[in-house]
Amino acid sequence: MPDVDEVEDDAEEMPLSLRLSIADTLTLGNATCGFMAVYFTTTGILIPHLTGSQESGMARHSAATAVILMLCAAIFDLFDGLVARKLRSSPMGAELDNLSDLISFGLAPAYFVLVYGMVADDAHQRVAAVGAIVVLLAVVLRLARFSCVTVKDGTFQGMPSPFGALTVISIVLLELPFVATLLAIVGVAWLMVSRVEYPKPRGPLAGAVLTWIVLAMGLLAAWAFDAPGGQLLLQTGCALQLVMGAVIPLFATARRVNNFRDNRREARAAQLP
């Protein structure tokens, strides 16, 4: 049996790459929330549907719980970056962040879309499965590109995966016709792998993002407990999420066009005698 002093010496000599920082712990919270979102989607929506439960369609409480967990994952993802910049992150930080994002913002929303295709009255299961795969692959490609491509500071290239995941979920919760739902989901997947620039949530923008997430949680809770006007409030929140997803790329494109025009004017002015 090893001596106590030997065990302590081994702990002190543990490689730095195996030590978790505070930011890494928050990242693991992100992964846990994503897994639990899959759990509630399965036990509260899919299994009752398969067993012939009287509650048809998307079970409100379980759907709301699953989405709230994805929102919690987004909060963890927001704060782990802030904490890593203020304190430190272990050498595993970037890898842990990508793996956790894949679970919470790739697998969880894709699975939500898949289950929607199985329980919704007007949905087509196999077509919804294709849409779910498109979402998952878009997040995989986006995260892989994020690890390999360097972009200018303060911006993301393509819609960030947390924003994309919440937009996909909002599309499903709006309960639009199946074809419109699928086309909108594919559009969001395209934005995630596009070259459209999105601002990173820092400073006041981070506060605005956090406020929006907390507000979304409140809307989901009101919907889940069938509060007066809860359905309308949820649909309004989901519609606003879609509007932001459509408007931000327009602002980004307009800014790039204006920057291009300014650079051309400066170049022409520099050529003049």
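Four aromatic pairs turn up in this structure, which is a predicted model. One of them joins Y39 and F40, with ring centres 5.3 Å apart and planes at 80 degrees, an edge-to-face arrangement. Y39 is partly exposed, at 42% relative accessibility, and F40 is partly exposed too, with a relative accessible area of 27%.

Another pair brings F146 and F156 together. Their ring centres sit 6.1 Å apart and the planes make an angle of 50 degrees, so this one counts as tilted. F146 belongs to helix α5 (residues 125–148) and F156 to strand β1 (residues 155–157), so the pair ties together parts that are ten residues apart in sequence.

F156 comes out at 16%, and because buried means under 20%, F156 counts as buried.

| Residue | Relative accessible area | Class |
|---|---|---|
| Y39 | 42% | partly exposed |
| F40 | 27% | partly exposed |
| F156 | 16% | buried |
| S104 | 0% | buried |
| T181 | 1% | buried |

On to S104, which is found in helix α4 (residues 93–119). With a relative accessible area of 0%, S104 is buried. What does S104 touch, leaving aside residues up to four places away in sequence? The list is N30, A31, G34, M70, A73 and P109. As for D77, which is 27 residues from S104 along the chain, the two C-alpha atoms are separated by 9.7 Å.

Next comes helix α6, which covers residues 161–173. Its 13 residues reach 18 Å from first C-alpha to last, close to the 18 Å expected at 1.5 Å a residue. How many of its residues are buried? The count is 13 of 13, so α6 is mostly covered because buried means under 20% relative accessible area. After α6 comes E175, whose phi is positive, near 55 degrees.

Finally, T181 lies in helix α7 (residues 178–193). T181 is buried, at 1% relative accessibility. Not counting residues up to four places away in sequence, T181 touches Y116, I171 and L176.

Terms used: Residues numbered from 1 in each chain as written. Predicted model: local features only at pLDDT ≥ 70, side-chain atom pairs only at ≥ 80, totals over all residues. Heavy atoms only, no water. Helix = DSSP H or I, 4+ residues; strand = E, 2+ residues; numbered from the N terminus. Expected span 1.5 Å × (residues − 1). Buried < 20%, exposed > 50% of the residue type's maximum accessible area, 1.4 Å probe, protein only. Contact = heavy atoms within 4.5 Å. Phe/Tyr/Trp six-rings, centres within 6.5 Å; stacked < 30°, edge-to-face > 60°.
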